[in-house]
Amino acid sequence: MLPCSPVVYTCLTGSRLRQEDFPPRIVEHPSDLIVSKGEPATLNCKAEGRPTPTIEWYKGGERVETDKDDPRSHRMLLPSGSLFFLRIVHGRKSRPDEGIYVCVARNYLGEAVSHNASLEVASK
C-alpha cells in the first residue's frame, strides 16, 4: 500500500482511489431578490468541500444573525446553507433586511465567498 501525503489530493489505498480534503468552493451563488415587506424569501447558497464547509452570511460586511444565534430570529440558516427569511422586515423602528448579502463557506483549508446578491423591498 502506498502512503498518503497531505500535499497530494488523492492517493491510492489498496485498489480504491480516495479523495483527500479540499478547500470550499461555492457551487450555487445567491441571486438578487425583490420581495414585498412581510413576505418570506430565500437567498440560496450551496458550497462543497472536504470536510464539509460551514456557511455564514454577511450583509454589508457584518455577520447576519440567524436562529442559531437567537431562537427568536426571523432568519434561518437552512441545512443547504441558504438563508431563509420567515418574513421580510422593513420599517423605521426595526433594522431592514434590505441590502447586499454574500455567503462565506469555510473549512480548515480556506474559504470561498459567493457573488454579491441584493435584497430589495418592493415599494407598494
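Trainee: Which residues does Tyr101 touch, not counting those up to four places away in sequence?
Mentor: Contact means heavy atoms within 4.5 Å. Tyr101 touches Leu43, Trp57, Tyr58, Lys59, Val64, Leu83, Phe85, His115, Asn116, Ala117 and Leu119. Keep in mind that this is a predicted model: local features need pLDDT of at least 70, side-chain atom pairs count only at pLDDT 80 or more, and totals for chains, interfaces and linings use all residues. Residues are numbered from 1 along each chain as its sequence is written, and side-chain values use heavy atoms, with hydrogens and water left out.

Trainee: Is Tyr101 buried or exposed?
Mentor: Buried means under 20% relative accessible area, exposed over 50%, and partly exposed in between (1.4 Å probe, protein chains only). Tyr101 has a relative accessible area of 0%, so Tyr101 is buried. Phe85 is buried too, at 0% relative accessibility.

Trainee: Which residues of the largest nonpolar core touch the most other members?
Mentor: A nonpolar core is a set of buried Ala, Val, Leu, Ile, Met, Phe, Trp, Tyr and Cys residues, joined through side-chain atoms within 4.5 Å. Here the largest has 19 residues, and Leu43, Trp57, Leu83, Phe85, Ile88 and Tyr101 touch the most other members. At least two residues of this core come from each of β5 (41-43), β7 (54-59), β10, β11 (99-107) and β13 (117-121). Strands are DSSP runs of E, at least two residues long, numbered from the N terminus.

Trainee: How many aromatic pairs does a search of the whole structure find?
Mentor: Rings of Phe, Tyr and Trp (its six-membered ring) pair if their centres lie within 6.5 Å; planes under 30 degrees apart count as stacked, over 60 as edge-to-face, the rest as tilted. The search finds one pair. Phe85 and Tyr101 form it, edge-to-face, at 5.9 Å centre to centre and 85 degrees between the planes. Phe85 lies in β10 and Tyr101 in β11, so the pair ties together parts 16 residues apart in sequence.

Trainee: In what order do the three strands of the open sheet run?
Mentor: Two strands pair if DSSP finds at least two bridges between them. The order is β5-β10-β9, with antiparallel pairing. β5 and β9 stand at the edges with a single partner strand each, so one side of each has no neighbour in the sheet. β9 and β10 pair over three bridges. Met76 has Phe84 in β10 as its bridge partner.

Trainee: Where is Ser82 found?
Mentor: Look in the loop between β9 (75-77) and β10 (83-85). Ser82 is buried, at 3% relative accessibility. Its side chain reaches the backbone nitrogen of Cys45 at 3.2 Å.

Notes: Helix = DSSP H or I, 4+ residues; strand = E, 2+ residues; numbered from the N terminus. Polar contact = N/O pair within 3.5 Å; in protein donor to acceptor, adjacent residues only side chain to side chain.
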